[in-house]
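User: I would like to go through this model term by term, asking of each label what it rests on.

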Amino acid sequence: MLAGKQVLLIIGGGIAAYKTLDLIRRLRERGAGVRAVMTAAAQEFITPLSVGALTADHVFTDLFDRQAEQDVGHIRLSREADLLLVAPATADLMAKLAAGLAGDLASAVLLATDKPVLMAPAMNPRMWAHPATRRNHALLQADGVAFVGPSRGEMAERGEAGLGRMAEPLEIVAAVEAAFAAGPLAGRHVLVTSGPTHEPIDPVRYIANRSSGAQGTAIAAALRDLGARVTFVTGPATVPPPAGVTVVAVETAHEMLAAVQAALPADAAVMAAAVADWRVANPGGQKMKKDGSGRAPALEFAENPDILATVSKGPQRPRLVVGFAAETEKVVEHATAKRLRKGCDWIVANDVSPATGIMGGVENAVTIISEAGAEAWPRLAKDEVARRLAAKIAGALK
Ligand code: C5P
(Lines give C-alpha, C1' and ligand atoms only; values in the text may rest on other atoms or scores of the structure.)
Protein backbone atom coordinates (compact mmCIF):
# COMPACT_ATOMS: atom_id res chain seq x y z
CA MET A 1 0.00 0.00 0.00
CA LEU A 2 2.88 2.37 0.74
CA ALA A 3 5.16 1.11 -2.00
CA GLY A 4 6.92 3.96 -3.74
CA LYS A 5 5.59 6.61 -1.36
CA GLN A 6 8.00 9.11 0.15
CA VAL A 7 7.35 10.11 3.75
CA LEU A 8 9.18 13.09 5.20
CA LEU A 9 9.23 12.34 8.91
CA ILE A 10 9.68 15.30 11.21
CA ILE A 11 10.73 14.20 14.66
CA GLY A 12 9.93 16.59 17.51
CA GLY A 13 11.48 16.66 20.96
CA GLY A 14 9.58 14.35 23.26
CA ILE A 15 10.18 11.07 25.00
CA ALA A 16 7.78 9.42 22.52
CA ALA A 17 10.56 9.92 19.93
CA TYR A 18 11.86 6.47 20.90
CA LYS A 19 8.70 4.97 19.36
CA THR A 20 9.46 6.83 16.15
CA LEU A 21 12.40 4.47 15.56
CA ASP A 22 9.95 1.56 15.38
CA LEU A 23 7.61 3.68 13.25
CA ILE A 24 10.39 4.15 10.64
CA ARG A 25 10.83 0.38 10.41
CA ARG A 26 7.09 -0.20 10.06
CA LEU A 27 6.80 2.37 7.27
CA ARG A 28 9.78 0.96 5.38
CA GLU A 29 8.49 -2.62 5.79
CA ARG A 30 5.44 -1.49 3.84
CA GLY A 31 7.52 -0.08 1.02
CA ALA A 32 7.62 3.61 1.95
CA GLY A 33 10.81 5.61 1.65
CA VAL A 34 11.43 7.61 4.81
CA ARG A 35 13.59 10.69 5.09
CA ALA A 36 13.91 12.32 8.49
CA VAL A 37 14.19 15.84 9.82
CA MET A 38 14.97 16.18 13.54
CA THR A 39 14.51 19.26 15.69
CA ALA A 40 17.25 20.19 18.13
CA ALA A 41 15.04 18.99 20.98
CA ALA A 42 14.47 15.62 19.28
CA GLN A 43 18.22 15.04 19.34
CA GLU A 44 18.12 15.22 23.13
CA PHE A 45 15.99 12.04 23.07
CA ILE A 46 17.27 9.97 20.13
CA THR A 47 20.30 10.43 17.92
CA PRO A 48 20.55 11.21 14.20
CA LEU A 49 22.82 8.17 14.01
CA SER A 50 20.06 5.72 14.97
CA VAL A 51 17.46 7.53 12.86
CA GLY A 52 19.78 7.54 9.84
CA ALA A 53 20.58 3.86 10.30
CA LEU A 54 16.86 3.08 10.08
CA THR A 55 15.98 5.47 7.23
CA ALA A 56 19.18 4.61 5.32
CA ASP A 57 19.39 8.26 4.35
CA HIS A 58 20.98 11.48 5.54
CA VAL A 59 19.18 12.94 8.57
CA PHE A 60 18.45 16.65 8.26
CA THR A 61 18.80 18.76 11.37
CA ASP A 62 19.88 22.26 10.51
CA LEU A 63 18.26 24.99 8.42
CA PHE A 64 21.61 26.69 8.01
CA ASP A 65 23.66 23.60 7.17
CA ARG A 66 25.36 24.79 3.98
CA GLN A 67 26.17 21.32 2.73
CA ALA A 68 22.65 19.97 3.24
CA GLU A 69 21.07 23.09 1.75
CA GLN A 70 23.32 22.73 -1.26
CA ASP A 71 22.59 19.01 -1.64
CA VAL A 72 18.87 19.02 -1.06
CA GLY A 73 17.54 22.24 0.49
CA HIS A 74 14.52 22.59 2.67
CA ILE A 75 12.19 23.39 -0.22
CA ARG A 76 13.22 20.21 -2.03
CA LEU A 77 12.74 18.23 1.17
CA SER A 78 9.05 19.17 1.10
CA ARG A 79 8.76 18.87 -2.63
CA GLU A 80 10.20 15.37 -2.85
CA ALA A 81 7.84 14.00 -0.20
CA ASP A 82 4.33 12.67 -0.78
CA LEU A 83 3.40 13.25 2.86
CA LEU A 84 4.85 15.10 5.84
CA LEU A 85 4.47 13.15 9.07
CA VAL A 86 5.24 14.83 12.38
CA ALA A 87 5.87 12.28 15.14
CA PRO A 88 6.03 13.13 17.93
CA ALA A 89 4.27 16.43 17.24
CA THR A 90 5.07 18.54 20.27
CA ALA A 91 2.99 21.49 21.48
CA ASP A 92 5.85 23.66 20.24
CA LEU A 93 5.78 22.31 16.66
CA MET A 94 1.97 22.59 16.55
CA ALA A 95 2.18 26.19 17.76
CA LYS A 96 4.87 27.07 15.23
CA LEU A 97 2.91 25.75 12.26
CA ALA A 98 -0.37 27.25 13.52
CA ALA A 99 1.37 30.63 13.74
CA GLY A 100 3.30 30.24 10.47
CA LEU A 101 6.74 30.41 12.10
CA ALA A 102 9.71 29.01 10.21
CA GLY A 103 12.77 29.60 12.36
CA ASP A 104 14.22 26.11 12.22
CA LEU A 105 14.40 23.36 9.61
CA ALA A 106 11.37 21.40 10.87
CA SER A 107 9.02 24.39 10.93
CA ALA A 108 10.43 25.82 7.67
CA VAL A 109 9.79 22.53 5.89
CA LEU A 110 6.23 22.38 7.28
CA LEU A 111 5.51 25.92 6.12
CA ALA A 112 7.07 25.40 2.71
CA THR A 113 5.01 22.37 1.76
CA ASP A 114 1.87 21.93 -0.27
CA LYS A 115 1.76 18.20 0.56
CA PRO A 116 -0.62 16.62 3.09
CA VAL A 117 0.56 16.92 6.70
CA LEU A 118 -0.24 14.31 9.35
CA MET A 119 0.57 14.97 12.99
CA ALA A 120 0.88 12.45 15.83
CA PRO A 121 0.86 14.66 18.94
CA ALA A 122 2.56 13.63 22.15
CA MET A 123 2.76 15.81 25.22
CA ASN A 124 1.86 16.08 28.85
CA PRO A 125 -1.96 15.95 29.26
CA ARG A 126 -2.01 19.46 30.75
CA MET A 127 -0.16 20.81 27.74
CA TRP A 128 -2.63 19.06 25.39
CA ALA A 129 -5.56 20.48 27.38
CA HIS A 130 -4.16 24.02 27.55
CA PRO A 131 -6.35 26.57 25.73
CA ALA A 132 -3.37 27.57 23.58
CA THR A 133 -2.89 24.01 22.34
CA ARG A 134 -6.67 23.62 21.88
CA ARG A 135 -6.64 26.76 19.70
CA ASN A 136 -3.64 25.60 17.68
CA HIS A 137 -5.19 22.16 17.17
CA ALA A 138 -8.40 23.73 15.86
CA LEU A 139 -6.46 26.11 13.57
CA LEU A 140 -4.35 23.30 12.13
CA GLN A 141 -7.43 21.13 11.55
CA ALA A 142 -9.09 24.01 9.75
CA ASP A 143 -5.93 24.36 7.64
CA GLY A 144 -6.34 20.72 6.61
CA VAL A 145 -3.72 19.09 8.83
CA ALA A 146 -4.73 15.52 9.73
CA PHE A 147 -4.18 14.09 13.22
CA VAL A 148 -3.72 10.64 14.67
CA GLY A 149 -4.00 10.48 18.47
CA PRO A 150 -3.03 11.36 21.08
CA SER A 151 -4.38 8.51 23.15
CA ARG A 152 -5.12 8.23 26.81
CA GLY A 153 -2.88 6.38 29.24
CA GLU A 154 0.22 6.42 31.40
CA MET A 155 2.75 9.12 30.66
CA ALA A 156 6.50 8.74 30.89
CA GLU A 157 6.53 10.93 34.01
CA ARG A 158 5.79 8.77 36.98
CA GLY A 159 2.24 8.95 38.26
CA GLU A 160 1.02 11.03 35.31
CA ALA A 161 -1.83 9.72 33.20
CA GLY A 162 -4.27 11.24 30.75
CA LEU A 163 -4.68 12.30 27.16
CA GLY A 164 -1.33 12.95 25.56
CA ARG A 165 0.38 9.66 24.70
CA MET A 166 1.54 9.39 21.11
CA ALA A 167 -0.50 6.93 19.02
CA GLU A 168 1.20 3.53 18.64
CA PRO A 169 3.40 3.08 15.54
CA LEU A 170 0.91 0.74 13.82
CA GLU A 171 -1.90 3.21 14.40
CA ILE A 172 0.23 5.93 12.82
CA VAL A 173 0.99 3.62 9.88
CA ALA A 174 -2.77 3.09 9.42
CA ALA A 175 -3.27 6.86 9.41
CA VAL A 176 -0.49 7.24 6.82
CA GLU A 177 -2.16 4.60 4.66
CA ALA A 178 -5.51 6.38 5.03
CA ALA A 179 -3.85 9.64 4.00
CA PHE A 180 -2.68 7.98 0.78
CA ALA A 181 -5.97 6.26 0.06
CA ALA A 182 -7.69 8.01 -2.80
CA GLY A 183 -11.01 9.61 -2.03
CA PRO A 184 -12.35 12.86 -0.67
CA LEU A 185 -12.01 11.72 2.97
CA ALA A 186 -8.38 10.58 2.66
CA GLY A 187 -6.48 11.58 5.75
CA ARG A 188 -9.66 12.21 7.76
CA HIS A 189 -10.54 10.39 10.95
CA VAL A 190 -14.26 9.76 11.46
CA LEU A 191 -15.83 8.23 14.54
CA VAL A 192 -19.04 6.23 14.15
CA THR A 193 -21.18 4.80 16.96
CA SER A 194 -23.61 2.04 16.12
CA GLY A 195 -25.84 -0.68 17.48
CA PRO A 196 -27.75 -0.94 20.74
CA THR A 197 -26.31 -0.89 24.24
CA HIS A 198 -26.85 -3.61 26.83
CA GLU A 199 -27.41 -2.45 30.38
CA PRO A 200 -26.96 -5.23 32.95
CA ILE A 201 -29.64 -6.14 35.50
CA ASP A 202 -27.46 -8.86 37.02
CA PRO A 203 -24.56 -10.93 35.61
CA VAL A 204 -26.85 -12.83 33.22
CA ARG A 205 -29.68 -10.43 32.35
CA TYR A 206 -29.71 -7.10 30.59
CA ILE A 207 -31.93 -4.42 29.11
CA ALA A 208 -31.50 -3.87 25.38
CA ASN A 209 -33.30 -2.48 22.33
CA ARG A 210 -34.03 -3.71 18.81
CA SER A 211 -31.33 -1.73 16.98
CA SER A 212 -29.56 -4.03 14.49
CA GLY A 213 -26.66 -1.68 13.78
CA ALA A 214 -27.43 -1.91 10.04
CA GLN A 215 -27.51 1.84 9.32
CA GLY A 216 -24.41 2.61 11.43
CA THR A 217 -22.47 -0.23 9.80
CA ALA A 218 -23.43 0.97 6.32
CA ILE A 219 -22.31 4.51 7.21
CA ALA A 220 -18.93 3.30 8.52
CA ALA A 221 -18.38 1.30 5.31
CA ALA A 222 -19.37 4.26 3.11
CA LEU A 223 -16.98 6.59 4.97
CA ARG A 224 -14.19 4.01 4.63
CA ASP A 225 -14.90 3.78 0.90
CA LEU A 226 -14.31 7.53 0.60
CA GLY A 227 -10.87 7.06 2.16
CA ALA A 228 -11.59 7.97 5.79
CA ARG A 229 -9.89 6.27 8.70
CA VAL A 230 -12.91 5.06 10.66
CA THR A 231 -13.17 4.18 14.34
CA PHE A 232 -16.34 2.14 14.75
CA VAL A 233 -17.61 1.98 18.34
CA THR A 234 -20.34 -0.60 18.38
CA GLY A 235 -22.69 -2.08 20.93
CA PRO A 236 -23.81 -5.71 20.56
CA ALA A 237 -25.25 -5.40 17.05
CA THR A 238 -26.77 -8.22 14.99
CA VAL A 239 -24.99 -7.30 11.76
CA PRO A 240 -21.20 -7.84 11.63
CA PRO A 241 -18.93 -4.76 11.61
CA PRO A 242 -17.44 -3.68 8.28
CA ALA A 243 -13.91 -4.69 7.27
CA GLY A 244 -11.15 -2.11 7.11
CA VAL A 245 -12.22 -0.03 10.10
CA THR A 246 -10.98 0.01 13.70
CA VAL A 247 -13.68 -1.80 15.67
CA VAL A 248 -14.16 -1.07 19.38
CA ALA A 249 -16.81 -3.39 20.81
CA VAL A 250 -18.65 -2.20 23.92
CA GLU A 251 -21.75 -3.22 25.85
CA THR A 252 -23.01 -0.39 28.03
CA ALA A 253 -23.57 3.32 27.44
CA HIS A 254 -20.81 4.09 29.93
CA GLU A 255 -18.37 1.88 28.03
CA MET A 256 -19.47 3.50 24.78
CA LEU A 257 -18.80 6.98 26.16
CA ALA A 258 -15.32 5.95 27.35
CA ALA A 259 -14.51 4.35 23.97
CA VAL A 260 -15.75 7.43 22.10
CA GLN A 261 -13.65 9.75 24.25
CA ALA A 262 -10.60 7.55 23.80
CA ALA A 263 -11.08 7.65 20.01
CA LEU A 264 -11.04 11.47 19.85
CA PRO A 265 -9.78 13.63 18.26
CA ALA A 266 -11.70 13.07 15.05
CA ASP A 267 -12.63 15.28 12.12
CA ALA A 268 -16.24 14.13 12.29
CA ALA A 269 -18.43 11.99 14.53
CA VAL A 270 -21.56 10.17 13.42
CA MET A 271 -23.57 8.94 16.37
CA ALA A 272 -25.89 6.29 15.00
CA ALA A 273 -26.02 4.11 18.13
CA ALA A 274 -29.32 3.48 19.90
CA VAL A 275 -28.00 4.23 23.36
CA ALA A 276 -30.17 3.17 26.29
CA ASP A 277 -31.44 6.26 28.09
CA TRP A 278 -31.46 4.50 31.43
CA ARG A 279 -29.46 1.77 33.14
CA VAL A 280 -30.31 -0.28 36.20
CA ALA A 281 -29.00 1.78 39.11
CA ASN A 282 -27.56 -1.09 41.13
CA PRO A 283 -27.08 -4.19 38.97
CA GLY A 284 -26.77 -7.24 41.22
CA GLY A 285 -23.39 -8.91 41.58
CA GLN A 286 -25.14 -12.30 41.67
CA LYS A 287 -28.03 -13.65 39.64
CA MET A 288 -31.31 -12.45 41.14
CA LYS A 289 -33.43 -15.27 42.62
CA LYS A 290 -37.13 -15.70 43.13
CA ASP A 291 -37.68 -15.54 46.87
CA GLY A 292 -40.94 -17.54 46.88
CA SER A 293 -43.00 -14.55 48.00
CA GLY A 294 -44.55 -14.10 44.56
CA ARG A 295 -43.36 -10.47 44.52
CA ALA A 296 -41.35 -9.24 41.55
CA PRO A 297 -38.19 -7.24 42.24
CA ALA A 298 -38.48 -3.49 41.75
CA LEU A 299 -35.72 -2.28 39.43
CA GLU A 300 -34.43 1.21 40.00
CA PHE A 301 -33.08 3.15 37.03
CA ALA A 302 -30.43 5.83 36.66
CA GLU A 303 -30.01 8.10 33.63
CA ASN A 304 -27.18 7.26 31.22
CA PRO A 305 -24.76 9.90 29.97
CA ASP A 306 -25.79 11.45 26.65
CA ILE A 307 -22.80 10.59 24.46
CA LEU A 308 -23.83 12.83 21.56
CA ALA A 309 -24.34 15.87 23.79
CA THR A 310 -21.13 15.18 25.72
CA VAL A 311 -19.08 15.04 22.51
CA SER A 312 -20.86 18.04 20.95
CA LYS A 313 -20.21 20.21 23.99
CA GLY A 314 -16.84 18.71 24.95
CA PRO A 315 -13.34 20.15 24.63
CA GLN A 316 -12.40 17.82 21.75
CA ARG A 317 -15.49 18.45 19.64
CA PRO A 318 -14.99 17.19 16.07
CA ARG A 319 -15.51 19.78 13.37
CA LEU A 320 -18.73 18.04 12.30
CA VAL A 321 -21.01 16.17 14.71
CA VAL A 322 -23.97 14.24 13.32
CA GLY A 323 -26.70 12.81 15.53
CA PHE A 324 -29.72 10.67 14.77
CA ALA A 325 -33.32 10.98 15.82
CA ALA A 326 -35.81 8.16 15.58
CA GLU A 327 -39.24 9.71 15.96
CA THR A 328 -42.78 8.41 15.65
CA GLU A 329 -44.53 11.78 15.14
CA LYS A 330 -43.77 15.44 14.30
CA VAL A 331 -40.38 14.26 13.00
CA VAL A 332 -38.97 17.59 11.77
CA GLU A 333 -40.22 19.57 14.75
CA HIS A 334 -38.83 17.12 17.32
CA ALA A 335 -35.54 16.62 15.48
CA THR A 336 -35.01 20.37 15.09
CA ALA A 337 -35.40 20.81 18.85
CA LYS A 338 -33.09 17.83 19.43
CA ARG A 339 -30.33 19.34 17.26
CA LEU A 340 -30.28 22.45 19.38
CA ARG A 341 -30.54 20.59 22.68
CA LYS A 342 -27.69 18.22 21.86
CA GLY A 343 -25.46 20.83 20.22
CA CYS A 344 -24.72 18.77 17.10
CA ASP A 345 -24.45 20.14 13.55
CA TRP A 346 -26.84 17.81 11.77
CA ILE A 347 -29.57 15.45 12.85
CA VAL A 348 -30.52 12.55 10.60
CA ALA A 349 -34.18 12.18 11.45
CA ASN A 350 -36.43 9.32 10.53
CA ASP A 351 -39.96 8.20 11.16
CA VAL A 352 -39.84 4.83 12.88
CA SER A 353 -43.58 4.43 13.47
CA PRO A 354 -44.42 0.76 12.74
CA ALA A 355 -46.38 1.56 9.57
CA THR A 356 -43.15 2.77 7.87
CA GLY A 357 -41.43 -0.64 8.25
CA ILE A 358 -38.10 1.18 8.66
CA MET A 359 -37.10 -0.31 12.01
CA GLY A 360 -35.25 -3.54 11.18
CA GLY A 361 -35.94 -3.05 7.44
CA VAL A 362 -33.53 -2.51 4.56
CA GLU A 363 -34.84 0.92 3.58
CA ASN A 364 -34.84 4.27 5.29
CA ALA A 365 -36.48 7.64 4.64
CA VAL A 366 -34.53 10.38 6.36
CA THR A 367 -34.64 14.12 6.72
CA ILE A 368 -31.36 15.93 7.38
CA ILE A 369 -31.83 18.79 9.82
CA SER A 370 -29.09 21.40 9.89
CA GLU A 371 -28.77 25.09 10.63
CA ALA A 372 -29.86 25.63 7.02
CA GLY A 373 -33.19 23.86 7.59
CA ALA A 374 -34.70 20.48 6.74
CA GLU A 375 -33.72 18.44 3.66
CA ALA A 376 -36.01 15.46 3.02
CA TRP A 377 -34.44 12.55 1.14
CA PRO A 378 -36.55 10.02 -0.74
CA ARG A 379 -37.04 6.52 0.61
CA LEU A 380 -33.76 4.70 -0.18
CA ALA A 381 -31.89 1.52 0.70
CA LYS A 382 -29.94 2.01 3.96
CA ASP A 383 -26.70 1.51 1.98
CA GLU A 384 -27.68 4.37 -0.33
CA VAL A 385 -28.60 6.61 2.62
CA ALA A 386 -25.12 5.82 3.99
CA ARG A 387 -23.40 6.67 0.69
CA ARG A 388 -25.24 9.98 0.35
CA LEU A 389 -24.52 10.87 3.98
CA ALA A 390 -20.81 10.02 3.58
CA ALA A 391 -20.65 12.22 0.45
CA LYS A 392 -22.36 15.06 2.32
CA ILE A 393 -19.85 14.68 5.18
CA ALA A 394 -16.96 14.77 2.69
CA GLY A 395 -18.41 17.98 1.26
CA ALA A 396 -18.66 19.57 4.70
CA LEU A 397 -15.06 18.65 5.63
CA LYS A 398 -13.56 19.93 2.38
O1 C5P B 1 -32.27 11.56 22.69
P2 C5P B 1 -32.29 10.54 21.60
O3 C5P B 1 -31.91 9.17 22.06
O4 C5P B 1 -33.50 10.53 20.75
O5 C5P B 1 -31.13 11.05 20.63
C6 C5P B 1 -30.68 10.27 19.61
C7 C5P B 1 -29.26 10.66 19.26
O8 C5P B 1 -28.49 10.83 20.45
C9 C5P B 1 -28.54 9.57 18.49
O10 C5P B 1 -27.59 10.20 17.66
C11 C5P B 1 -27.89 8.76 19.59
O12 C5P B 1 -26.76 8.05 19.11
C13 C5P B 1 -27.51 9.83 20.59
N14 C5P B 1 -27.52 9.41 22.00
C15 C5P B 1 -26.33 9.32 22.69
N16 C5P B 1 -26.32 8.99 24.03
C17 C5P B 1 -27.48 8.77 24.68
C18 C5P B 1 -28.69 8.86 24.00
C19 C5P B 1 -28.68 9.18 22.64
O20 C5P B 1 -25.29 9.54 22.11
N21 C5P B 1 -27.44 8.45 25.96
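Analyst: Buried area is the accessible area, taken with a 1.4 Å probe, that two parts lose on being put together, summed over both. This is a predicted model, in which local features need pLDDT of at least 70 and side-chain atom pairs count only at pLDDT 80 or more, whereas totals for chains, interfaces and linings use all residues. Residues are numbered from 1 along each chain as its sequence is written, and side-chain values use heavy atoms, with hydrogens and water left out.

User: What area is buried between domain 1 and domain 2?

Analyst: By that definition, about 1100 Å² is buried between domain 1 and domain 2, and carbon and sulfur atoms give 49% of this area. The domains themselves are residues 1-180 for domain 1 and 183-398 for domain 2, with bounds that come from an automatic or database domain assignment. Their C-alpha centres lie 34 Å apart, and the contact (heavy atoms within 4.5 Å) takes 15 residues from domain 1 and twelve residues from domain 2.

User: How many salt bridges and how many residue pairs in polar contact are counted between domain 1 and domain 2?

Analyst: A salt bridge requires a side-chain nitrogen of Lys or Arg within 4 Å of a carboxyl oxygen of Asp or Glu, and between domain 1 and domain 2 the count is zero. A polar contact is a pair of N or O atoms within 3.5 Å, where within protein one must be able to donate a hydrogen and the other to accept it, and residues adjacent in sequence count only if both atoms are side-chain atoms; three residue pairs across the interface meet that rule, both residues being at pLDDT 80 or more. On the side of domain 1 that touches domain 2, α8 (131-142), β6 (146-147) and α9 (169-180) each supply at least two residues, and α9 gives the largest share, four residues. Helices (H or I, at least four residues) and strands (E, at least two) are DSSP runs, numbered from the N terminus.

User: Why is the contact between Asp267 and Arg188 called a salt bridge, and which parts does the pair tie together?

Analyst: Their side chains meet at 3.7 Å, N to O, and the definition asks for within 4 Å, so the pair qualifies. Asp267 lies in the loop between α11 and β14 and Arg188 in the loop between α9 and β9 (189-194), so the pair ties together parts that are 79 residues apart in sequence. By this rule the count comes to 21 salt bridges.

User: Where are the cis peptide bonds that join Ala87 to Pro88 and Leu264 to Pro265, and what is omega for each?

Analyst: Omega is about -5° for the bond joining Ala87 and Pro88, and Pro88 is found in strand β4 (residues 83-89). For Leu264 and Pro265 omega is about 5°, and Pro265 is placed in the loop between α11 (253-263) and β14 (268-271).
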